[in-house]
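Subject: Structure handover

Hello,

Here is the structure I said I would pass on. Please look at the sequence and the model first, then read the notes below them.

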Amino acid sequence: PTVVLGHSIGEVAAAYVAGLLSVGDTIRTVHALGEAGAQCHGAMAHARWTRTAIGDWSNGELRIAAINGVAAEDLLSVTLCGPVERVEAWVASASSWMAGAKMLTPPHPWHHHMYLDVSSIRDGSNFETLPVCDTTGSSAVAFISATTQHVGRLDASHWRTWLTTPVDFQGALERAVPLLADGCYLIETGAHPNLIAVATETLDACGVRVVASAVSMRRGQPDAFWQSQRSTLETALASPGSHVHL
């Protein structure tokens, strides 16, 4: 690929695809993040908000875990996280007036500041064996973090920041725009049901045409799903002027 970026735990996979982490380093990183995440019990929810509402919002223990991207003309796809009871109460109150307010399945409040209070994260022992990789000029594939705007190295400090600050997937897509000229092909490796639509809408809003898109991993699809994904992408890649081969 020309550019890779990951949403949440996908950032580790993106670093692997970019050649910044070996398979072993990738597995060790995911394991350390999973161990850290398991120390905080909580919940997550999804909603679609206007930019103004997001900027004005404040709710104590509830935090924005991710700005996913453009969901519609005036709405952004947003993920919230926090203690279970606070998230459940928010969804119950918001479902009557907010489009798309619903509980998500993760039992942990990923990307929440409460991880700063976990001693093993605060003192770094969770991440003491993680690899260190300087990202500048070390890969022919552009790696864009959805957590940190400018990543000089992947190390324990980066992954602590990853745990405790929101994912700005929209911002990562927008930073990718100068590398994509006026058109691109998207291939999503993941199980998120809405992310590729959000990525397409976000890039389109930035003036980048998504020529075609496909997913290479998704739960519970019918047998014909993968062939249809491949056929759609191959048709687009075979169009006049295309120089990309699957």
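Leaving aside its neighbours within four places in sequence, which residues is Phe 143 in contact with? Keep in mind that this is a predicted model. With those neighbours set aside, Phe 143 is in contact with Val 4, Glu 11, Ala 14, Ala 15, Ala 18, Leu 20 and Leu 154.

Phe 143 also comes up in the largest nonpolar core, which has 30 residues. The residues with the most contacts inside this core are Phe 127, Phe 143, Leu 154 and Leu 163. Helix 1 (10–17), helix 2 (23–37) and helix 6 (156–164) are the elements that give two or more residues to the core. Helix 6 supplies four residues, the largest share. Another core, of 21 residues, lies apart from this one, and Ala 172, Cys 184, Leu 195 and Val 215 are among its members. As background, nonpolar side chains in soluble globular proteins tend to be buried together.

Next, the cysteines. A disulfide is a covalent bond between the sulfur atoms of two cysteines. The structure holds zero disulfides. For Cys 81, the nearest cysteine sulfur is that of Cys 40, 10 Å away, while the cut-off for a disulfide is 2.5 Å. Cys 81 counts as buried because its relative accessibility is 0%, and buried means under 20%.

Cys 206 is in no disulfide either; the nearest cysteine sulfur, that of Cys 184, is 11 Å away. At 31% relative accessibility, Cys 206 counts as partly exposed.

Regards

Key: Residues are numbered from 1 along each chain as its sequence is written. This is a predicted model: local features need pLDDT of at least 70, side-chain atom pairs count only at pLDDT 80 or more; totals for chains, interfaces and linings use all residues. Side-chain values use heavy atoms; hydrogens and water are left out. A nonpolar core is a set of buried Ala, Val, Leu, Ile, Met, Phe, Trp, Tyr and Cys residues joined through side-chain atoms within 4.5 Å. Buried means under 20% relative accessible area, exposed over 50%, partly exposed in between (1.4 Å probe, protein chains only). Contact means heavy atoms within 4.5 Å.
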